[in-house]
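Morning, everyone. I'll take aromatic rings to begin with, then a helix pair. Here is the model.

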Amino acid sequence: MLILGKHKTSVATPLKRVTPFAMAAFVVCASTLSVSTFAQSSMDNTSGSVTVQTGDTSLAAPPSIGAQLGASSKAAEMFAPVTKVNTPKIYTKPISSGPTEMDLRQLWNELKVNNPQLSSLRESYLSAKATVPQINAPANPQVGLVWSGMPVNSPLALGGANAPSQQYPGGISSNNAISIAQPFQFPGKKSLAANIADTNAEALLAQSEATYLQLGAQLSSLYYSALASQKQLQVLKESVIRLEMIKNVAKARYANNAAAYVEYLNAQVAQSAAEADQFNVDRQLQVALNNINTLVGRHSREKLVLRGDVRRAMNGVPTLVELEDYAESSHPALKSSALQLDAARKGVDLAKKAYLPDFQVIGSSYTPRGPFSANNGALFYQLELDLIIPLYFFTKEKYGVEQAQRNQAAAEAGNISNRQQIVLAVNTAYAAYEQAKNQTQFLKDRQVPQADAAYKVGLIQYSNNGQGFNDLLTAQTQLRNLEVQLALAEANLMQSQAVLLVSAGKEPF
């Protein structure tokens, strides 16, 4: 039940006596109010949706703190309301003017798009994909220019010079040349190396998907914690209303010399304690909303309204066998380890290809004069084929193959370990879900209805001039505690369901 407005607890004042007829009329009204309150509470508990809305602006700019801070203090800037000027540079999205309503699916979408950690992983994946065409591209050619037109027998005549002739009495240098060299790897080496790089990039993408699920599980826990805090606030407000009724009955009985004044004081103290508990729960709710905003890439002080169905987790989930099969076939972490194992196996094949030679083709053009002078002689060309062979008893290649095989063995062991850990996580999460479900069902079907019945009986007896004020107060406290436990149990159940589905590699929708 949502009660608008503020409640002020009145101080204890001397009470006037009332007639028995007024006392009876008051008891009838109190009983009617009690029945209507219980009916309204029952109707509210059957509702399937809870809306969490934060309207406390005092947390954004506490006036008591701002009044004590100087103009030059950094803390004044920290506690100031969020504006375009003081928004940190890390937040790319502007501060919204009004509250934003989101359910769990929309929050997951915001997480996928705006979370900085996921953005970093996506950029790392794109960076790894950009290396694939670089590896697969041909090697860069080498262009050589030789100009050795030096005098005959000069020390700087590179490679010597031609002997004097009748046409050229002084002799000329014949080492002027232009050459182009193009290296080639053995066929299949580059394509295999590019395939390995592409496989490793896809493994990074699978890792980012696994991280997305982990952050999503954290987001779901915060989301359901916020719903639980809202439910606790509702329970505490209803408890304040019940204590107000008890206090009024005790007040009327004391005025009629039917009860002690201490009963009225005890009811007033219990009501004040319930109101004080609301402050702590409201602060927990605000902290949960701030964490949700930060996780989805929003400013922590943005206004957020959560829409959620608190009864959704009572729906059926797949069986344990189905979840295990889904996890072994579709979990992103297992996809990543399988891709890493595939890349390790291809790395062994690439290491074995190191025994095969590489090639280099060189084409040269020679001229009897310098390359920038007049061409007054015959040109001739030369084609050279170089073979780059592994020497030194294949030491480097042998240890390269051994390294690749060790990497493959490590990848195989890691893949088996990941598969075992994923299956174990699914089993553990399923056991936690079943326990939370049984606990929630027990509280909802037995303990809370029994405590509610005990409170109603105690209130009726006490209103009809019976004894048992302490029993009534105890019954009310027990009812409030069990209702809070039910709200926490429902939140725990929904968190357990989200963790279970995420453990299997599935979004909790």
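How many aromatic pairs does the structure hold? It holds 8 (rings of Phe, Tyr and Trp, the six-membered ring for Trp, with centres within 6.5 Å). This is a predicted model, where local features need pLDDT of at least 70, side-chain atom pairs count only at pLDDT 80 or more, and totals for chains, interfaces and linings use all residues. Residues are numbered from 1 along each chain as its sequence is written, and side-chain values use heavy atoms, with hydrogens and water left out.

Take W108 and Y212. Their ring centres are 5.4 Å apart and the planes sit at 85°, so this pair is edge-to-face (planes over 60 degrees apart). W108 is in helix α4, residues 104–114, and Y212 is in helix α6, residues 189–255. Helices here are DSSP runs (H or I, at least four residues), numbered from the N terminus. W108 is buried (under 20% relative accessible area), at 0%. Y212 is buried too, at 8%.

Y254, Y261 and Y264 form one aromatic cluster.

Now the helices. The axes of α7 (residues 261–295) and α11 (residues 469–503), lines fitted to C-alpha atoms over the stretch in contact, come within 11 Å. They cross at roughly 10°, on a scale from 0 to 180 degrees between N-to-C directions. That makes α7 roughly parallel to α11 (angles under 35 degrees). Contact means heavy atoms within 4.5 Å. On α7, the contact residues are E263, N266, A267, A270, A274 and D277. On α11, they are F469, L473 and R480.

Terms used
Helices (H or I, at least four residues) and strands (E, at least two) are DSSP runs, numbered from the N terminus. Angles under 35 degrees count as roughly parallel, over 145 as roughly antiparallel, 65 to 115 as roughly perpendicular and the rest as oblique. Rings of Phe, Tyr and Trp (its six-membered ring) pair if their centres lie within 6.5 Å; planes under 30 degrees apart count as stacked, over 60 as edge-to-face and the rest as tilted. Buried means under 20% relative accessible area, exposed over 50%, partly exposed in between (1.4 Å probe, protein chains only).
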